[in-house]
Amino acid sequence: MSEAMNYKNLGLVNTREMFKQAMAERYAVPAYNFNNMEQLQGIIIGCAESKSPVILQVSGGARKYANSVFLPYMAMGAVQMVKDLGAEIPIALHLDHGDSFELAKSCIDSGFSSVMLDGSHHSFEKNAALTRQVVDYAHEREVTVEGELGVLAGVEDEVSHEVSHYTKPEEVEEFVAKTGVDSLAISIGTSHGAFKFKVKPGEEVPPLRFDILEEIEKRVPGFPIVLHGASSVEPEYVKMINAFGGKMDDAVGIPAEQLRRASQSAVCKINIDSDGRLAITAFIRKVFAENPAEFDPRKYLGPARDALIEMVKRKNEQVLGSAGKA
Ligand code: G3H
Ligand code: 13P
Ligand code: ZN
């Protein structure tokens, strides 16, 4: 792309007003990841039908997959589709887990309204300096920035972390002041992917560290907090996947009840990728298992998209509380 593309020309908004309202009214804005058209449409239709604000979230890998030139037009298509559906919902396009200034800049220059700089695997000083550099560039263009302190267990940004390092509340104030970020991702026990915890049959998953979250809220009152790795790994989809030839026996996620509680706190953004992937995979597997001769992509991607619409609506309405807030 030769000339810079401004997100406002695509009909997108940054996350500032979204988070302000979410904080005041005690709900969380959903950030759903996507890589392709069916996922994007599933997310956008689900949010339009439940009248929820939405953050369309793309990792560096997803941007490569979808093509960085093509991607802003996908977002623009989503904005137009929402209008055509007669809905008015705020839509942000956000870089998930950006790992360099260059990547964040490239996204900002190609129409993203929000970016994350994830320097959580660096030292505090390096993380703060890198994040500040992105904030300076982004804020000049009215793009919002998410930073991260603390490391999640699971696979984050192609780096595998065996254990998580919870966010240290005592570092938060300084990080927010030094960097000027608009929101902060924290580590309180969530984890990326579909295999979040190793639990024995009958055992409960370890509860999130709400004590750490409360301590952070005390230190930066009213500041928007982000939860990554927040898929519930819905058992219904895992069951379907296993029933139709898949093998995901030990998949486990964050119970909806804990996400409901988090949504009512300073947590203003909840990231969901794995649940969308599972919904799609479950329904594609079902079509293939029941109709082995099927080869029309519409016949298996269509039901997958429908499943995603239902999942998005259900999460917005019953877990995040974002339904009806647009
Ligand atoms: O947190 C990471 C997201 O789930 C994106 O995953 O890098 O495989 O696109 P990805
Ligand atoms: P899940 O793997 O739990 O969906 O987390 C997604 C995420 O945090 C994207 O940044
Ligand atoms: Zn994440």
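Visitor: Which side chain has an N or O atom 3.0 Å from an oxygen atom of ligand 2?
Guide: Keep in mind that this is a predicted model. A pair of N or O atoms counts as a polar contact within 3.5 Å. At 3.0 Å from an oxygen atom of ligand 2, the side chain that supplies the N or O atom is that of His-192.

Visitor: Which elements give two or more residues to the shell around ligand 2?
Guide: There are 16 residues around ligand 2, and Asp-96, Lys-196, Ser-231, Asp-273 and Ser-274 come nearest. By type, the shell holds two nonpolar, three charged and eleven polar residues. The elements that give two or more of them are strand S3 (91-98) and strand S10 (267-272).

Visitor: Which residues coordinate the zinc ion (ligand 3)?
Guide: Along the chain, the donors of the zinc ion follow the spacing H-x94-H-x35-H. The atoms involved are NE2, NE2 and ND1, at 2.1 Å, and in that order they belong to His-97, His-192 and His-228.

Visitor: Why does the pair His-192 and His-228 tie together parts that are apart in sequence, and how many residues apart are they?
Guide: His-192 sits in the loop between strand S8 (183-186) and helix H8 (210-219). His-228 sits in another stretch, the loop between strand S9 (225-227) and helix H9 (235-243). The pair therefore ties together parts whose separation in sequence is 36 residues.

Visitor: Is His-228 buried or exposed?
Guide: The cut-off for buried is under 20% relative accessible area. His-192 has 17% relative accessibility, so His-192 counts as buried. With a relative accessible area of 1%, His-228 is buried.

Visitor: Which side chain makes a polar contact of 3.3 Å with His-94?
Guide: His-94 lies in strand S3, and at 1% relative accessibility His-94 counts as buried. Beyond its neighbours within four places in sequence, His-94 is in contact with residues including Ile-55, Phe-112, Met-116 and Lys-269. The side chain that His-94 meets in a polar contact of 3.3 Å is that of Glu-146.

Notes:
Residues numbered from 1 in each chain as written. Chains lettered and ligands numbered in written order. Predicted model: local features only at pLDDT ≥ 70, side-chain atom pairs only at ≥ 80, totals over all residues. Heavy atoms only, no water. Donors = N, O, S within 2.8 Å, 3.2 Å for Na, K, Ca; no water. Helix = DSSP H or I, 4+ residues; strand = E, 2+ residues; numbered from the N terminus. Buried < 20%, exposed > 50% of the residue type's maximum accessible area, 1.4 Å probe, protein only. Near = heavy atom within 4 Å. Polar contact = N/O pair within 3.5 Å; in protein donor to acceptor, adjacent residues only side chain to side chain. Nonpolar A, V, L, I, M, F, W, Y, C, P; charged D, E, K, R; others polar. Contact = heavy atoms within 4.5 Å.
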